[in-house]
Amino acid sequence: MSNSKFPTIRYFSLLLFLLPFLLFNLHASARGTGTLPLYLPLIQKAFIPPTQDHLLITEIMASPLTGQVEWVELYNRTLAPIDLSGYKIGDEEEIGGPEAMRQFPPGAIIQPEQVIILALDATLFQATYGFLPDYEIVNTGSPVPDLFDYFPWASGPFSLAGTGDELLLLDFFDDPVDSVAWGDSDWAAFTPPAVNPDQGFTLERYPAYQDTHTAADWREASPDPGKVNLAPPLPTPTLTPTPGYTPTPFGGGLLLSEVLYDPTGDEPNAEWVEIYNATNQALDLSYFKIGDEEASGESEGMYRFPGGTLPPGGIIVIANRASDFQLAYGLSPDYELTDTDPDVPDMVKYTAWSGGSMSLTNTGDELLLLDHYDTIVDAVSWGSSTFAFDPSVPLVSQGTSLERRPPFADTNTAADWQPQPVPNPGTIDLSTPTPTPTATFTPTPFGSGLYLSEVLFNPTGTEPNAEWIELYNATGTTLDLTNFKVGDEETPGGGEGMYRFPVGTTAGPGVVLVIANRAADCPCQPDFELTDTDSNVPDMIKYTTWASGSTNLANTGDEVLLVDYNDVVIDTLSWGTSTYAFDPAAPAVDDGHSLERVPADVDTDSANDWQDQPLPAPGTVNLTPPTATPTPTFTPTPTDTPTPTLTPTPFTGLLLISEVLYDPTGTEPDAEWIEIYNASGQTIDLSTFKIGDEETQGSTEGMYRFPAGATMIDGEVVIISNQATAFFATYGFNPDYELTPTDPTVPDMVEYTPWATGTIQLVNTGDEILLLDGGNYLVDAVSWGTSTWAFTPPVPGVSAGHSIERVPADVDTDTNVDWVDQAVPDPGNVDLGG
């Protein structure tokens, strides 16, 4: 690697290293062989991923169709030109190996934001795509500049393996700039490799500026050389938000915290915005944007960050002009929109969204914060603008700012904001009204009905790693859990643990949430964890205002508290030797048993609410009083165990399975998919709904629940695919959810192990699909072929590549006549005509 501390020694050594190659070139010229390339120094041998902003490989055609050609696309995501004269590119990952490494010719330059193409054969490339590439990898006599062999590294032919290979981009000193491996490559520097595209498809970096040096940066795509995707699509079909936008809570907790839109100084020069990281992890700002343009393609402003990381609890200020900000506050902002100070990084206009400049209107405007998918993660509107809130935040007088108070609270209403007559950029006020609980607890029933429902304090696994706590929303409304807490410290200032939920956490009616100490040790996929072991599970955040320790439940006696946003205890449980919540306390239980509230929606504030559960079932609640006797039929009753026979009852809500492809022409089960349709006339919270092919609880087929926060508006169609990449390869767009993670932009369904332990793999000769609600009651079902589970007779089997479709999509007679053979599957569209 380069060593900037000793430039004299470095370049003297470099000169000695270059000398043989200089002599070689001079000798070759003297023999009349013409001008040969000057080979540049081979300094770096070990692959170390770069850490700074750099040139990126963005698209690779490794397996072209017959008569077409291999090519590579590069993108300069930096803000400066890059001299490529000493850069190399090739598929040989080891010095001296048999594959290829090519070098750019002298004078090669790539400008900021420029995209260039390197093709194996320029003529074939032009014949396929209608234009010439920027460089040719192998000289075929075309007028396009050629790359040439870089023998100090490798001397083989350039040929990318369609089944799996590597591509490396090296700089002047042979330091790695970028790399990728795909398919069956076993290169240790890029494990696991990226997906292997089918013939005729490319491997594309998505979005083009993202570089985590993992397979998650890459996807299979249709060839599009010369164009990079800087703005991946929103989950909705349009990038233009509808008027009256209701912000979706962003689990990451990156929040707008203060805005000065009407300064006493010049406008917009003296305007500024403050952002707060309310999470417990560092956030890479490279992919976030901020601006006052609410509709993509319009004329106000949107800017992206040039880079930078915001630590947990970090605050940044973006000023319109740093010079005006410095005059007002005597310090520099972190970023500026208009360049007035070379020491302050400039925000970059994000023209993929809008082409104008940001100038906040005093009488009414809005401010948006977008993530790397251009999804709105936070917003505020004031005065005459109701884009974010209706009613909007009231106007403030000149020189007064709008401040989020407290900065981690996000109810997506104007109530989060208050006027701040003394703006204080770069500083936040974390204080909230904090009533001090007494040392002993006299429970007061909490009107919202959010309850502790099950606690495993004595697991058979490692303690406290395998401990978990379950909550149940027994209300009929969605609850905002922002700044709610759970822990085992009963006294503020004590040494046990108290944790708050991340900003934006909600729980729909009937939702069950599981908080594991460690997700890796939990028998199910929890909703949250206390100690970070799984990047896919959100972390609870230590609430040090209450307690400074960690939650470690004592087997012989302890307590668990549920605390609201005002630090008022709203539910609690104590067992064994602890009488904090009840006297007498709930009994301690044996190793591997849990304490369960039965029924889960009853709270008498006594130990009578709780019973010993020898078979813990995190994620499932028991709403049946202990004396109730369930009926033996499948007609929904208060029991979690359905019988294997079905007496269908039409579901009044009309959330229906509308189309199923169980026998695809592609790989099975990868290319299978299920479509559901909301004909209910209302928005449905899907968080507790499940779908699968296991008809009997406790068996080995599959059952999956929708992820937390999933909703479905009236008339919406949702597609659940087995693998998103297989679905995209067939239909050219992504499904709404996938069972097996293949695309980080598509939300994953969650295995629902309290019902079934296997995976969904639809049997072509005969199988069934069930749709269950939050109480595990059957909502809809279909069976085909040899399976008469849902209907007798079942839906007839169809040929490979055909689907079965409900026609009309909003009619449910619970018979096979609802279904037709669909020779041309059409996921995402329903037939209401009959």
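Predicted model: local features only at pLDDT ≥ 70, side-chain atom pairs only at ≥ 80, totals over all residues.
Rolling a probe the size of a water molecule over the atoms shows where empty space is left. A search of the whole structure located seven cavities of 30 Å³ or more. The volume of the largest cavity is about 300 Å³. Its lining is made up of 31 residues, and those closest to the centre are Val512, Gly619, Thr620, Lys690 and Tyr752. By residue class, the lining of the largest cavity comprises 13 nonpolar, 13 polar and five charged residues. Strand E33, which spans residues 512-518, contributes three residues, the largest share of this lining. Residues of the lining come from both domain 3 (450-613) and domain 4 (655-822), and the largest cavity therefore lies between these two domains.

The largest nonpolar core contains 41 residues. Within this core, the members that touch the most others are Val660, Phe706 and Val782. At least two core residues are supplied by each of the strands E40 (655-661), E41 (673-678), E44 (699-705), E46 (717-723), E47 (737-740), E50 (766-772) and E51 (778-785). Strand E51 gives the most, with five residues.

When neighbours within four places in sequence are left aside, Val782 is in contact with Ile657, Val660, Asp767, Glu768, Ile769, Ala790, Phe791, Val795, Ile804 and Trp819.

Note on methods:
Residues numbered from 1 in each chain as written. Heavy atoms only, no water. 1 Å grid on protein atoms, 1.4 Å probe; cavity = no way out; pocket = protein on both sides within 12 Å on 5 of 7 lines; lining within 4 Å. Points joined across faces, edges and corners; volume = space filled by probe spheres on them. Helix = DSSP H or I, 4+ residues; strand = E, 2+ residues; numbered from the N terminus. Nonpolar A, V, L, I, M, F, W, Y, C, P; charged D, E, K, R; others polar. Domains from an automatic or database assignment. Core = buried A, V, L, I, M, F, W, Y, C linked by side-chain atoms within 4.5 Å. Buried < 20%, exposed > 50% of the residue type's maximum accessible area, 1.4 Å probe, protein only. Contact = heavy atoms within 4.5 Å.
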